[in-house]
Structure formats: C-alpha cells, structure tokens
Amino acid sequence: MPPKNDKVADKLRHYREACVLSQKQVADALNIERSTYTKYETGDTEPNLRTIVRLAAIYNVPPAELLPMDAADDPAVQGLKDTARNNSPIYQLSKDERGLIARYRALDKAQKKQARELMGNLSKKDS
C-alpha cells in the first residue's frame, strides 16, 4: 500500500523499497548518479515528468501514482493515470517476485536477453 503522505520523495522511497532495489540500482536504471536519485528521495529536488514516467515503469505503477496528491487535479497530469503497464500492480506480488521483476527491469537489453535465456534453461531442467 502506498504511503498516505502525498510527498513525491516518500512515494519514491516506498516503491523502491517495495521492489527491493537500492538507490544505486534505480539510479543506474535511470542512467543518473546515485546522489541525484538520493536527492529525489530526500525531497531536495524533484524528478522531472520524463523521469517520473521512467520511475513508474521501473516500479510498475501509473506515473500519476508518483506525483503529489494535488498534482492529480492538474489537467496536464490526467493522461498519465492510464499509462500503467498492466492492471496488476507490482506491490501485489510476493517480495521475491517484486525483487526479480524490478531487477530485470534495471538490466540493459543484452542483460535482459541473458536473463531470459537463463530462465529458459532453468525451466528446461525442471521438465
């Protein structure tokens, strides 16, 4: 369940922890310095809209979920409400499942291919 506080920083920390990711892993996925991401979570700075959309993809939540509560009334934000990747929020998965999915999303294209091949090979061994 997301934090009741409407601060972007609190929401970012909540979803990162729910996905069992470090600040460094999220920063690497965004191609930014860890210190920059830390400033997002401490509230020293706020991510721009493009970064919010990228974070939402990592955390598998609608981008509007990462915005302050009062921003949801902004007409420019209304379209973000329907951009969730699927209807099952990541925080409804088990802790292990969230961790695996979040880590997979943080990989680059080549690493994702290797991970899929590894998973395929593991599945074949179970057969």
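Asn 60 counts as buried at 7% relative accessibility, where buried means under 20% relative accessible area, exposed over 50% and partly exposed in between, with a 1.4 Å probe and protein chains only. The model is predicted, so that local features need pLDDT of at least 70 and side-chain atom pairs count only at pLDDT 80 or more, while totals for chains, interfaces and linings use all residues. Residues are numbered from 1 along each chain as its sequence is written, and side-chain values use heavy atoms, with hydrogens and water left out.

Asn 60 lies in the loop between helix 4 (49–59) and helix 5 (75–78), helices being DSSP runs of H or I with at least four residues, numbered from the N terminus. Its phi is near 55°, a positive value in a residue other than glycine. Most residues other than glycine have a negative phi. A positive phi, of about 55°, is also found at Val 20, which is not a glycine; Val 20 lies in the loop between helix 1 (8–18) and helix 2 and, at 26% relative accessibility, counts as partly exposed.

The axes of helix 2 (residues 23–30) and helix 3 (residues 34–42), lines fitted to C-alpha atoms over the stretch in contact, come within 8 Å and cross at roughly 110°, the angle running from 0 to 180 degrees between N-to-C directions. Helix 2 is therefore roughly perpendicular to helix 3, a term that covers angles of 65 to 115 degrees. The contact (heavy atoms within 4.5 Å) is made by Gln 23, Lys 24, Val 26, Ala 27 and Leu 30 of helix 2 and by Arg 34, Tyr 37, Thr 38 and Glu 41 of helix 3.

Key: Helix = DSSP H or I, 4+ residues; strand = E, 2+ residues; numbered from the N terminus. Parallel < 35°, antiparallel > 145°, perpendicular 65-115°, else oblique.
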